[in-house]
Amino acid sequence: MKPTLVYTADGSHSIYLPDLNEHYHSVHGAIQESMHVFIQAGLHAVSIDPINLLEVGLGTGLNALLTLLENKKKPRKIHYTSLEKFPLPAEIYQSLNYAKLLNVDAQEFLKIHESDWEVPVVFNEHFQFTKHHNSLQQWKTTQQFQLIYFDAFAPEKQPDMWTEEIFFKIFELLESGGIMVTYCAKGVVKRTLKSCGFEVQTLPGPPGKREMIRVVKPKGTIL
Ligand SMILES: C[S@@+](CC[C@H](N)C(=O)[O-])C[C@H]1O[C@@H](n2cnc3c(N)ncnc32)[C@H](O)[C@@H]1O
């Protein structure tokens, strides 16, 4: 079954996947959730410049758009890399209301979806964007990141994305002192992250969700 456009409580769109019975965002508000989890608890927590940022799951492109916009307020150099295994069809991403709600040029949002895969694309002098049509499991890189947005489907829907193997890969991808943020706060996820060597912080979640997770790769870790 095809992905379906739905409204969330803050008026912003999300996608519903009938096959998986799963939404791309919190139904309490997609923009609200992305701002809280990825921008406020992630982007604002890392002051380094330039910053290498990795997103696991490009999806609607909302996190990329919010990061691009946030960076215009107090610019620093961001290299934004995003992985996506199942890109959305054009009729879906073209209908998303994020550019309208955030009062930005629709072309700037569409560029996230319509720029070429596998090559760096310059959005402005402070924001470079590279998307890879690949899964986290298969993707190989020598790059390291200071910040990772981990935005996979929920553990009960996509358990293979919340395993020790995956979090070891995240650990290796992070520079020492780097952080990863995710909307999920399940106990089993925290325990798995701890067993991979992360310092785990439980933070207040966005409206409608009690908690979220931020992890730090301890400074001085050699890996
Ligand atoms: C919860 S959605 C969130 C997407 C996005 N960050 C957004 O704001 O729309 C999860 C995304 O991860 C993608 N995905 C699923 N499995 C993946 C994998 N193994 N590697 C990379 N991305 C994956 C899905 O196709 C989907 O776009």
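A residue is called buried when its relative accessible area is under 20%, exposed when over 50%, and partly exposed in between (1.4 Å probe, protein chains only). The model on screen is predicted, so local features need pLDDT of at least 70 and side-chain atom pairs count only at pLDDT 80 or more, while totals for chains, interfaces and linings use all residues. Residues are numbered from 1 along each chain as its sequence is written, and side-chain values use heavy atoms, with hydrogens and water left out.

**Stop 1: S82**

Select S82, which sits in strand β5 (residues 78-83). Helices (H or I, at least four residues) and strands (E, at least two) are DSSP runs, numbered from the N terminus. S82 counts as buried because its relative accessibility is 0%. Next, show its contacts (heavy atoms within 4.5 Å). Not counting residues up to four places away in sequence, S82 touches E55, G57, L58, F129, T130, K131 and H132.

**Stop 2: helix α7**

Select residues 187-195, helix α7, where V189, K190, T192 and L193 are buried. Look down the axis of α7: these buried residues fall within an arc of 165° (taken from the directions from the helix axis to the C-beta atoms), so they line one face of the helix. An α-helix has 3.6 residues a turn, so residues three or four places apart point the same way. On the face turned away from the buried side, find the exposed residues R191 and K194. Then show α6 (164-173), β9 (174-182), β10 (199-204) and β11 (211-216), which are among the elements covering the buried residues of α7. Just after the helix, G197 has a positive phi of about 110°.

**Stop 3: the largest nonpolar core**

A nonpolar core is a set of buried Ala, Val, Leu, Ile, Met, Phe, Trp, Tyr and Cys residues joined through side-chain atoms within 4.5 Å. Which residues of the largest one touch the most other members? Of its 72 residues, they are F150, F167 and I170. Select I170: leaving aside neighbours within four places in sequence, I170 is in contact with V56, L136, I148, F150, M180 and F198. In soluble globular proteins, nonpolar side chains tend to be buried together.
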